[in-house]
There are 2 protein chains.
Amino acid sequence: MSEVQVLLEPQYTVKIEQNLLERVQVPHARVALIADETAAKYHLTKLVASLEAGGSSVKVFTVPSGEACKNLDVFAKLLSSLALEGLTRDAAIVALGGGATSDLAGYVAASYLRGIAFYVCPTTLLAMVDASVGGKTGVNLIEGKNLVGAFHQPKGVFASLETLSTLPERTFREGAAEAFKHGLIANPALMQPILEPGFNAESSNLETFLKAVIQVKADVVAIDPFEKHQRAFLNYGHTLAHALEAVTVHKLPHGEAVGYGMHYAAIVGKILGYEDVTGHTKAFLNYQQPSKLPNLGFGDVEPFMARDKKADSEGVRFVMLHEIAKPNLERVRREVLLEAWDEFKILF
Amino acid sequence: MSEVQVLLEPQYTVKIEQNLLERVQVPHARVALIADETAAKYHLTKLVASLEAGGSSVKVFTVPSGEACKNLDVFAKLLSSLALEGLTRDAAIVALGGGATSDLAGYVAASYLRGIAFYVCPTTLLAMVDASVGGKTGVNLIEGKNLVGAFHQPKGVFASLETLSTLPERTFREGAAEAFKHGLIANPALMQPILEPGFNAESSNLETFLKAVIQVKADVVAIDPFEKHQRAFLNYGHTLAHALEAVTVHKLPHGEAVGYGMHYAAIVGKILGYEDVTGHTKAFLNYQQPSKLPNLGFGDVEPFMARDKKADSEGVRFVMLHEIAKPNLERVRREVLLEAWDEFKILF
């Protein structure tokens, strides 16, 4: 087993290992297990068995897979269900599924009775390397992605590696975007393994690789839990990504949107005279093979970029790489964004 | 002007004075002003004028008065409206109205973009002495009162005393329940002024009195902001009160429910052999003259008491006064609750 400590108050541990779901136990008499349909199909029985073996009484709530669960309607229904079950402040929520599921479940945990304990069992690469660590929880509005939520740290994260093999390779490649991003903004050594032939859910070095990727996130989050400064760097590529997700009504999955978004950010950086990382982001897109984008104009994405959470009253701010692993949050002029859009559009 | 400092990180100030609304200014370029209909009718123009004079651009959102606004539907609509307005993280929400309005507006502020700045202009006695101080925000579920929410401290509270005179005296007497409760649990000298003939919104000593009442809450909140221990004492009388509100679908106003709830808690305490404070709680009800209760049985309120936030997996917990100003949080046996209910019922 590998472990990453997230050094917050209170500290928590991300455990990474094959077949960890068979040993997940939590110190709570009552557990509400919020599982997405896909993860439930493969993993629910064994997770419930291990929680019950640990002495917890478990009530299961199944939600649609992916972004379809991540809205205020599902949020409201879950809260009412928890209340009808009579769950009290000493109960816990355990999330089983992808990043959307843990974002939703974490926000429910943050909100029910003004906050109860929360654990995550991520079943996608994206959730393992990004969503389940750091306490960002929330849901989408029609007006934009992740516009509502709370910071609510989990008490523990259980990344059970065999779950990755139950999903299409496309889902694995989707999640690789966040791992590649951690490489770009903080640890360049993490980029190459992703681009090597045969990198997939069965790769023999996956546990060690994921430990290093998750360490990047844990380090940033420990320095800046509430995104006052450095934590925003984890949003590299996300300003356009969130806009692409919103404008396609989440038909484009988050990790693919981030793949595109990193490449767009790289083009913006090149125009501004920073280190040209477009070769790397293009290589990543070649590996990822994301869905084709619809025929969008800059005017389609601009209103969503303006509502990005990094914006302030003076305008949109982008994470830029002055060099690889030297990120910075800065305002970018609209002409530059437009010029970058023209170059970005040619490629797809 | 009187001021109470709430010694949290960051610290904030509760200002108490006549005609304070004419001087409310906040350091934010953009403000979303969430006002209840009643407060808007009397006070909106002057508050908008003072915010604008301070350099803020103000967008007004009006919500129904009282608990009618305090649900996830209104919450969701406000969040979408803020997103459509393009409000960014440096914007602020200002609440104008009663406790339900500030609870809702504070929860919107806690949730939008995972948290933006929040200011309160309470216009009812209840909001001034209780709801607007301490950062408890949230909404109700059909399943029970205040079951969803967040801790989100305001950056400032402006209690403008002339607003109290625009409301029915019944609303003033309603809010007096929370002031009386602060007396019972922490500062007995605060009880007598309320019971003196002619205590109302025009009382000459009101500013000084409110300062002392708010100081009780500020002291408790500073010691225990997240209700791990002492803060629960502020819930004296609230276990039955929340149940009465839920079972009457909020026809019984919060302060009147607290009036009844304190008396019920006092009867429970008397049965348990603690100092008999039923004389005080009965005197308060004589002053308050709350609405008549419907013909409820213990079975009607028990399920709602079981969902009280102070409950844990072993059962419901009540705040009990071992003596005046000596509160304690403890489990109470069902037989005692039933016996107390029989005595409580006779009186109404």
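Residues are numbered from 1 along each chain as its sequence is written, and chains are lettered from A in the order in which they are written. Because the model is predicted, local features need pLDDT of at least 70 and side-chain atom pairs count only at pLDDT 80 or more, whereas totals for chains, interfaces and linings use all residues.

**View 1. The open sheet of chain B.** Seven strands, in the order β1-β2-β9-β6-β5-β3-β4 of chain B, form an open sheet with mixed pairing; strands are DSSP runs of E of at least two residues, helices are runs of H or I of at least four, and both are numbered from the N terminus, while two strands pair if DSSP finds at least two bridges between them. The edge strands, each pairing on one side only, are β1 (2-6) and β4 (57-63) of chain B. Neighbouring strands of this sheet are turned by 15° against each other on average, direction ignored, with axes being lines fitted to C-alpha atoms, for helices over the stretch in contact, and angles running from 0 to 180 degrees between N-to-C directions. Helix α7 (residues 206-223) of chain B packs on the sheet, where it touches β1, β2 (12-17) and β9 (156-160) of chain B, and its direction makes about 5° with that of β1(B); residues are in contact if their C-beta atoms, placed from the backbone, lie within 7 Å.

**View 2. Strand β6 of chain A and its partners.** In strand β6 (residues 117-122) of chain A, 5 of the 6 residues are buried, meaning that 20 or more other C-beta atoms, placed from the backbone, lie within 10 Å of the residue's own. Strand β5 (residues 92-97) of chain A pairs with β6(A) in the parallel sense over 6 bridges, and A:Ala95 has A:Val120 as its bridge partner in β6(A). Between β5(A) and β6(A) the chain passes through helix α3 (residues 99-111) of chain A in a right-handed β-α-β crossover, that is, clockwise from the first strand over the helix to the second with the strands pointing away from the viewer. Strand β9 (residues 156-160) of chain A runs parallel to β6(A) and is joined to it by 2 bridges, with A:Gly156 standing opposite A:Tyr119.

**View 3. The surroundings of B:Ile93.** Leaving aside neighbours within four places in sequence, B:Ile93 is in contact with B:Ala32, B:Ile34, B:Ala105, B:Val108, B:Ala109, B:Ile116 and B:Phe118.

Notes: Contact = placed C-beta atoms within 7 Å. Buried ≥ 20, exposed ≤ 12 C-beta atoms within 10 Å, placed from the backbone.
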